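Let's take a friendly walk through this one together. Have the structure open and follow along as we go.

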Amino acid sequence: MQDVAASFCPNRTGSKSPHTRKGFGSVLGIGLFALILASTSASRAWADTETISVKIVSSLPRTGSSNTQSTSIVNGIKLAIDDHSRLTSTPKIVVEYEDWDDASPERGAWDPALEAANADRAVKDPKVVAYIGPYNSGAAKISLPKTNAAGLLQVSPSVTWPGLTKPNVGEANEPMVYRPSGKRNFFRVVPADDIQGKVGAEWAHSMGVKSVYVLHDRELYGKGIADIFRQSAERLGMTVLEFEGIDPKASNYRSLATKIRQRKADLVYFGGTTQTNAGQIAKDLRSSGVDAKFMVPDGCFEDAFIRAAGAHNLDDNTFITFGGVSAELLEGRGKHFYERYLEVYGTKPASFAVYGYEAALVALEAIRRAGSADRQAIIDAALTLKNFDGALGHWSFDENGDTTLTAMSGNIVKNGAFAFERMLDDGSPS
């Protein structure tokens, strides 16, 4: 477990400080947050001298191939903290931010022991009032009961397993098994997989797919979204040839690819991530002569997937679903976020960066509304978040702690890069 930043400092990235770089400038930046704060009424009037000192931590996989994605999320968190500290005066919130790693070199991905240690460390530190993360749904099953028992706000920018929040969707004891206190403390700003798996199947159906071979990585996120895709495909009349778990650490899948070629599937769906070998599956499908379409969920919506598979194995025949749209397609305050990110960090944000930004805004707004560093008061304030005007648009938390936004996009790989293809849901609050 590594403390990447002992406290928030924009210059840690090596980029110029947001204070000295051209970007929003005072006009766009102040306009953005004036509108955000105007749309979320505070529960009291603030004195100009009030100051709240808090610590926010994030727990994300900073080791391994997820690093590019998690760095972008952390950059989004830092932008939100910096914007809030510069542009919000009442009350003044002084934030100490720490960036924690829940991945180990041995696994090259999130590690259950490290996620548990991070959650324990956060709840034992009385200064910590918000836990942003984790990145993976399986990791959330570990940290959630710990933060819930301690009454600590937890906001994830990326976990999507429905059972973490929604009853009658996952396992029989979900989501209450994650709420030992009997109260809610967990929120997420990204749509869940019960939406993504369904629209993925609908997209396949719209392309004329008649038969699908469904693979999954046997993990919570991957198997879960694959199962939702399978159920949705069957309801739409598609033939599911197989529903098969793979060994995510295998060196190759050539024998599996041969079997898929013999079954003549129109589409192969893989429920999994870059880290559970999506790239190798794509390689072996193409090298074995499988010309079926290949579809993956947002766990593969990162450049590392293209590098792992080889662009020539993906171009024009690979389809990726994502909860939202690519950052360059965001509008309103989302467009302002995108432009500011480019100016501060000198690169385009990865797909989940805006969700890191939004998760941090949620935590900061809850602290502002609570008017104190009291953990339960901050959770109670988050529960009131309705018609929030953030980088993702206007949205609310529903009774489960899920965002009311359902925007989903379909993307393809073209010329070695991701390209937006179409919206799969209109994104209107449901």
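## Aromatic pairs

How many aromatic pairs does a search of the whole structure find? In this predicted model, the search finds 14 aromatic pairs. One of them is formed by phenylalanine 322 and tyrosine 355: the arrangement is edge-to-face, with 6.1 Å centre to centre and 75° between the planes. This pair links distant parts of the chain, with phenylalanine 322 in strand E12 (residues 318-322) and tyrosine 355 in helix H11 (residues 353-370), 33 residues apart.

Phenylalanine 322 and tyrosine 355 are both buried. They also belong to a cluster, in which ring pairs link Phe322 and Tyr355 with Tyr135, Phe301, Phe352 and Phe418.

Now turn to helix H2 (residues 67-87) and helix H10 (residues 333-345), whose axes come within 11 Å and cross at roughly 100°. Angles of 65 to 115 degrees count as roughly perpendicular, so H2 is roughly perpendicular to H10. On the H2 side, the contact is made by Ser72, Asn75, Gly76, Lys78, Leu79, Asp82, Asp83 and Arg86, while H10 brings Phe337, Arg340, Tyr341, Val344 and Tyr345. Sorted by class, this contact has five nonpolar, three polar and five charged residues.

H2 has 21 residues and reaches 30 Å from its first C-alpha to its last, close to the 30 Å expected. Because 16 of its 21 residues are buried, H2 is largely enclosed by the rest of the structure. H10 has 13 residues and reaches 18 Å from first C-alpha to last, close to the 18 Å expected. Its buried residues include Phe337, Arg340, Tyr341, Val344 and Tyr345. After H10 comes glycine 346, with a positive phi near 70°.

## Backbone spots worth a look

Most residues other than glycine have a negative phi, and most peptide bonds are trans. A cis peptide bond joins glycine 133 and proline 134, with omega about -5°; proline 134 is in the loop between strand E5 (128-132) and helix H4 (137-150). Another cis peptide bond joins glutamate 174 and proline 175, with omega about 0°, and proline 175 lies in the loop between strand E6 (153-156) and strand E7 (186-188).

The loop between E6 and E7 also holds asparagine 168, which has a positive phi of about 65° although it is not a glycine. Asparagine 168 is exposed, with a relative accessible area of 80%. Arginine 218 has a positive phi too, about 75°, and is found in the loop between strand E8 (211-216) and helix H6 (220-235). Arginine 218 is exposed, at a relative accessible area of 57%.

Key. Residues are numbered from 1 along each chain as its sequence is written. This is a predicted model: local features need pLDDT of at least 70, side-chain atom pairs count only at pLDDT 80 or more; totals for chains, interfaces and linings use all residues. Side-chain values use heavy atoms; hydrogens and water are left out. Axes are lines fitted to C-alpha atoms, for helices over the stretch in contact, and angles run from 0 to 180 degrees between N-to-C directions. Helices (H or I, at least four residues) and strands (E, at least two) are DSSP runs, numbered from the N terminus. Angles under 35 degrees count as roughly parallel, over 145 as roughly antiparallel, 65 to 115 as roughly perpendicular and the rest as oblique. Contact means heavy atoms within 4.5 Å. Ala, Val, Leu, Ile, Met, Phe, Trp, Tyr, Cys and Pro count as nonpolar, Asp, Glu, Lys and Arg as charged, and the others, Gly among them, as polar. The expected span of a helix is 1.5 Å times one less than its number of residues. Buried means under 20% relative accessible area, exposed over 50%, partly exposed in between (1.4 Å probe, protein chains only). Rings of Phe, Tyr and Trp (its six-membered ring) pair if their centres lie within 6.5 Å; planes under 30 degrees apart count as stacked, over 60 as edge-to-face and the rest as tilted.
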